[in-house]
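Here's a quick briefing to read alongside the model. Take a look at the structure, then work through the notes below.

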Amino acid sequence: MELINQRTKGIMERCKAIARGQGLQFDENTLEYIVTSRDMIKLSPKIGIPTLYDYWVDDITVIQDTGIYKLQPHNPFETVVNTRPAISYYSDNNQDWINVMLFYHVIAHVDFFQNNDYFGMTKKDFKGKALADKKIIEKLREEHGTKQVDYIIEFSRGLDNLVGYSTELEKINFPHSLKPHSKLDFYFDVFLPIHKKISGPEFQKEIEAFNRYREQCNGDEGKTEAVFLEAILQKYPEFLEISIKEKAKEEKNKEKLDIMQYIAEYSPFINKKENIWMKSVIEIVRDTSLYFRPQIISNILNESWACYWHQELFINDKRLKTHETAFSKLDSGTTTFPKVGLNPYAFVELLRHIEEKAEKGHFTYEFMKIKNVEERKGYDKKTGRGREVLFFIRKHYNNFDFINDFLDQEFVDKHNLYAVGRRLNFSTNKIQFYIKSRDALEYKQMIIDQLYHPPEVKIDFPKTSENTLYIAHKFEGKPLLRKFINMTMIGTEYLWGGNVKLETSEVDMDNFKDLIKKKKDEALAKTKQTIDLEEVLSELKFNRVLYTMENKKLSREVMGVS
Amino acid sequence: MDNTLFWKPNYPKIKSLFSEQLKPMIGYYSKIEGKAIDQELKQIIAQDIAHAMNLSGTHEDRNPDFSNDRFYNSGDFRVMQHSYSLLLSTQSSLKTIEDLLDMDKEREKDGLPKKIRIGNLVNAKKDGNKVIVVPTTTEDKLVHDPTYGLGLAGTATGGAGDGEIGEVIGEVPVNLGEHGFGPGDAESGSHDIESKTYELGQMLSKKFNLPNVNEKRMKRAIIREKHDLTDINKGSGQILDKKATLKEIVKRNIGIGRLKDPKNINPLDLIVDPKSKIYKILSKETDYLAAATVFLVRDYSGSMGGTPSQTICTQHLFIYSWLKYQYEKLATPRFILHDTEAIEVPDFHTYYNKSAAGGTNVSSSFKKVNEIVEKEGLARDYNIYVFYGGDGDDWTKTGEDSINELEKMVKYSSRIGLTVLRHGMGFLESAPNETSLEGYIKSSGLLEKYSNILKMDAFNLNEATEERLIAGIKKLVSEEKLKVTN
């Protein structure tokens, strides 16, 4: 693994200058490395961060990938990571002109990482933090034994997809103007009704008093607050103390803690003197997971953004000369919609679609009011704001918003997209995939169903005690994967030091069998051999189920209809 | 393994170093003690020795405040002494698969389920010619199940292209089992899995404690010649055999009378005659080895689509790899597929991927095996193993043909293993309690009569985990005699 040479670095800097000229914004410094395929294979379980802590599962991935590589050599062209400075790796097999194209691609990725709101928590360099974390883990391995530390890492990783990412993000981007005037709001919302049990006409009197003060101060909010607070304190001297206490409680509100945080804080097992070191491990695993989460939820948008820019900028670059056909082949191959499946790179077309529409002014209220089809087709105000909209999307959107807001029938028609349905043929015992519809809403729903979405599993505080950790899965339509439940709960039991209960929903199998039978009969009555699976799935009934893990043994009981 | 990122000063080494220096110093001191030297000099020497003795402990003994537990110690040392830290690259800290398997075994002792699975077959898609076996592991988390726990293959997705609404674009068999064994893309091709199977056999034997083959009959003497350091030559050669040489020298010296006291030999006083040097030299040795032919036979009819085929192939791959390891690579595989008729196929890839859609006639496969063995005269030269895998579904309930063919087979085979993978035939149908094949084999009495050669194992598809496959193999290759119950 080596840094690119001076000449190539010069080319990279030139590409950066061109990109900046087009409006992309990113830090001064970036690092580029040329790596062999072997290095790429070793970097991949570390998700590109070479200083990430060592874990034996990564070794298996490397052995596996090496084997697969022998079978079928393949290389990603580039990998870029969200550190400061941003680091990118280029395969040593790339031709020079491909590397220039990749520079533009990488620059766009870096711009996305450094400007998108969802990456608000990754502004500090992760490579350095990962290195410090790695050293902590190595030290702990020396002190407590590799096996013990590896178990704690494993058990923490079992819960690391349930971290409270949104809660953390909220703290960063919360606009200051929305923050309530804490004391006044507290007075009217909590103190009067709850602590003093004042409501109705008396409450009204308080509000009128406040309004009088405001008039007296001529609408000056700050002065009004100060004067009114004095009045409150004269009337209720205990108000100040209570408001401070409540605020402190609110901050420590354990309801806001995610499972990993809660276990680290309150687990009786971990809070024993000899186990306190485990808190560091849990924290490291949690931080790593939080760091990578924004990348996962914005990967489609990120790739589309990068493809858009490498197309725009490389076409005008002089290094494209004599490689036009090769480039076209490569680019079109990467960004086509596959016959079946999801290709994130293909959504660059969606970005272009949005740009076109924005240029024509299709996102204005005026346009949406027009009902006439012909008029809509011909509507072109040449607003020149296409790029502006794209930059807005790059700042504020993630995968879901991108697809949900902008995937429309026009786009589906333009690219011949269709939603795939499944039918069960019960005489041949095979599942058929067929073209279900070309409706935009159905297609969109299909894509959205495939986006990354971890289950919402939270702690049920009233049912949790020192001996039992009670976690509940908020059912959103899909049940949990059963074969993973056992090991995850064994790990959680160990970390909690007591038994663990998981409440979730599962398909009612008896009802399912009846449903299938019913559908089969219906089909036979119409002399058909197939049952539509999506129909069946929409009519499934679920039961609420309770799993209990005690002494490494899992038991399950059905609680009732969900 | 010690995964230290930085070089730790090796205090134990220093300890031994100083104790070497200590001895002469103390000896010297005792010699000069009596002599008349300066009092000052004596003091200095005493101090030195005390200092040296101090250093011979660990640095913690010297200075109890300087404990190794502080986090920044190593860093301070490095910075102030300008010593460089040896950053172990990811490469050198990678554990080998053997170490990882050992770690996995430890988990069982701690009451945790094992994590590493060995038998994942991967099909190449581009050339479509190769199959490899890779180890895999899963990281268990609470995640959504897109199949709703119903075992349905694939998920609904989007697509692009021309086509009418309602047009069928693909078909897969219903995935009846939960434990998949790798993808099974059907590509034609001819290549094999030879290179990895020996190592796989080694890993399996280690991971699962598979027994060793007891009786390897030396049917055909396969001669392997190798060169080994087994012969000796006096006077010249490749490697000096020190012990023998010394003995020879002592003998000669006794002979010429130079050795007075056998208890007090000063090596410097002995005369060394060039002829008394004894060397080990490389010489040809012949090894006699046994060879085996393994017949891997499976049902590839319509009822075996998808998971059942993959499971059987995985088990057969395991068996073949293990035998190859046992016979030190001298095991030849022969692949037989059957539905209503049996055919031989040339390689594992075809064996794994080919599927038919017809009915099932198990006896055709046994007949084919017997034919091949007779025609090629294999019984004379090789130890023959036959392993059959199927779902037990047979067109006959009485199976006379199968029983006749098996009677012929037991006469020359070292071992015949039958695996029956029961599964429900329709969607959501549960597996039968006993299949046709099982029925007639059991009632034929063959299992008792030839219990040291013929073995049968049956289990349900939905319990077909890697562990169960291995347990099945153990049963098929075990030396236990079947108890005869009346």
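A disulfide here means a pair of cysteine sulfur atoms within 2.5 Å. By that rule, this predicted model has 0 disulfides over all chains. What it does have is 60 salt bridges over all chains, plus an interface of chain A and chain B with 6 salt bridges across it.

**Cysteines**

- A:Cys15 is in no disulfide, and the nearest cysteine sulfur, in A:Cys307, sits 16 Å away.
- Looking from the other end, the sulfur of A:Cys307 has A:Cys15 as its closest cysteine sulfur, and 16 Å is too far for a bond, given that a disulfide needs the two sulfurs within 2.5 Å.
- A:Cys15 counts as buried because its relative accessibility is 0%, where buried means under 20%.
- A:Cys307 is buried too, with a relative accessible area of 1%.

**Helix H1 of chain A**

- Helix H1 of chain A covers residues 6–21, which is 16 residues. At 1.5 Å a residue it should span 22 Å, and its end C-alpha atoms are 23 Å apart, so the two agree.
- The buried residues in H1(A) are A:Thr8, A:Ile11, A:Met12, A:Cys15, A:Lys16 and A:Ala19.
- Seen down the axis of H1(A), those buried residues fall within an arc of 145°, so they line one face of the helix.
- What do the buried residues of H1(A) pack against? Their partners, all in chain A, are strand S2 (30–35), strand S4 (86–91), helix H4 (96–115) and helix H14 (299–315).
- Just after H1(A) comes A:Gly23, which has a positive phi of about 115°.

**Salt bridges in chain A**

- A:Glu168 and A:Arg286 meet through their side chains in a salt bridge, at 3.1 Å from N to O.
- A:Glu168 lies in helix H7 (residues 165–173) of chain A and A:Arg286 in helix H13 (residues 278–297) of chain A, so this pair ties together parts that are 118 residues apart in sequence.
- Are A:Glu168 and A:Arg286 buried or exposed? Both A:Glu168 and A:Arg286 are buried.
- A:Lys458 and A:Glu456 also meet in a salt bridge, at 3.4 Å from N to O.
- A:Lys458 is partly exposed, with a relative accessible area of 46%, and A:Glu456 counts as partly exposed at 28% relative accessibility.
- A:Arg556 forms a salt bridge with A:Glu506, with the closest N and O atoms 2.7 Å apart.
- That pair links distant parts of the chain: A:Arg556 is in strand S12 (residues 553–561) of chain A and A:Glu506 in strand S9 (residues 499–507) of chain A, 50 residues apart.

**Where chain A meets chain B**

- Chain A and chain B bury about 7800 Å² between them, and 63% of that is on carbon and sulfur atoms.
- How many residues does the contact take from each chain? It takes 88 residues from chain A and 80 residues from chain B.
- The rule finds 6 salt bridges across the interface of chain A and chain B.
- If you want a cross-chain salt bridge to look at, B:Glu106 forms one with A:Lys147, the closest N and O atoms being 3.1 Å apart.

**Chain B**

- Chain B comes to 15 helices and 13 strands.
- Of the 486 residues in chain B, 43% are buried.
- Among contacts in chain B with a separation of 6 or more, 76% come from residues 24 or more positions apart.
- B:Ser309 has its place in helix H8 (residues 307–326) of chain B and counts as buried at 10% relative accessibility.
- Leaving out residues up to four places away in sequence, B:Ser309 touches B:Arg298 and B:Met304.

Notes. Residues are numbered from 1 along each chain as its sequence is written. Chains are lettered from A and ligands numbered from 1 in the order in which they are written. This is a predicted model: local features need pLDDT of at least 70, side-chain atom pairs count only at pLDDT 80 or more; totals for chains, interfaces and linings use all residues. Side-chain values use heavy atoms; hydrogens and water are left out. Buried means under 20% relative accessible area, exposed over 50%, partly exposed in between (1.4 Å probe, protein chains only). Helices (H or I, at least four residues) and strands (E, at least two) are DSSP runs, numbered from the N terminus. The expected span of a helix is 1.5 Å times one less than its number of residues. The arc is that of the directions from the helix axis to the C-beta atoms. Contact means heavy atoms within 4.5 Å. A salt bridge is a side-chain nitrogen of Lys or Arg within 4 Å of a carboxyl oxygen of Asp or Glu. Buried area is the accessible area (1.4 Å probe) that two parts lose on being put together, summed over both.
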